[in-house]
Amino acid sequence: MSKKCIVCEKPSVAKSVAKVLGANSRKDGYYENSEYIVTYCYGHLVGLAEPEEYDEKFAEKPWKVEHLPILPEKYGGWKLSVNKDTKKQFEVLKKLLNSAEVTEIINACDEGREGECIFRYVYTAANCKKPVKRL
């Protein structure tokens, strides 16, 4: 049976959405029923990588003028980094987004730029390719 995975920005929003949808079965990091999985971020689970993740020379402070500017395209483009404090929840999201039983993703993060960015970083870092709808 296929399910829709709804990704919320905050646990409190996921709890409210799950209640409305009748997804009352609570799991570790998400709620579910026969039709929906409702999960959540803790704000910024994934962000842009720090300069030293592009090249070790940027770990040395102060930076040397000859190493600047830092241009991500020189290193294969922008890199994303999972926040180590919220890695467990990111792994839950990654597993759910890529689950064979999930056929559609619904982005229910806040509607502004920050909410969209939070969702897109998680979706990209999870290497998910499934269709996305916006709530």
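A charge sits over a ring if NZ of Lys or CZ of Arg is within 6 Å of the ring centre and within 35 degrees of the ring normal. Here, the charged end of R120 sits over the ring of Y123, 5.8 Å from its centre.

A word on the basis of this report: the model is predicted, with local features needing pLDDT of at least 70 and side-chain atom pairs counting only at pLDDT 80 or more, while totals for chains, interfaces and linings use all residues. Residues are numbered from 1 along each chain as its sequence is written, and side-chain values use heavy atoms, leaving out hydrogens and water.

Rings of Phe, Tyr and Trp (its six-membered ring) pair if their centres lie within 6.5 Å; planes under 30 degrees apart count as stacked, over 60 as edge-to-face and the rest as tilted. The structure holds 5 aromatic pairs, including these:

| Pair | Centre to centre | Angle between planes | Class |
|---|---|---|---|
| Y54 and Y75 | 6.0 Å | 55 degrees | tilted |
| F119 and Y123 | 5.6 Å | 25 degrees | stacked |

F119 and Y123 are 4 residues apart in helix α3, so about one helical turn separates them. Helices (H or I, at least four residues) and strands (E, at least two) are DSSP runs, numbered from the N terminus. Buried means under 20% relative accessible area, exposed over 50%, and partly exposed in between (1.4 Å probe, protein chains only). F119 is buried at 1% relative accessibility, and Y123 is buried at 12%. In the other pair, Y54 is buried at 10%, whereas Y75 is partly exposed at 21%. Ring pairs also link Y54, F58, W63 and Y75 into a cluster.

Next comes the interior. A nonpolar core is a set of buried Ala, Val, Leu, Ile, Met, Phe, Trp, Tyr and Cys residues joined through side-chain atoms within 4.5 Å. The largest one has 21 residues, and C5, V7, C41, L97, I105 and V122 have the most contacts inside it. Helix α2 (87-97) is among the elements that each supply at least two of its residues, and α2 gives the largest share, 5 residues. Apart from this core lies another of 12 residues, among them I6, C8, Y36 and V38.

Finally, the sheet: 6 strands form an open, mixed arrangement in the order β2-β3-β4-β1-β7-β8, where strands pair if DSSP finds at least two bridges between them. β2 (25-27) and β8 (132-134) stand at the edges with a single partner strand each, so one side of each is left without a neighbour in the sheet.
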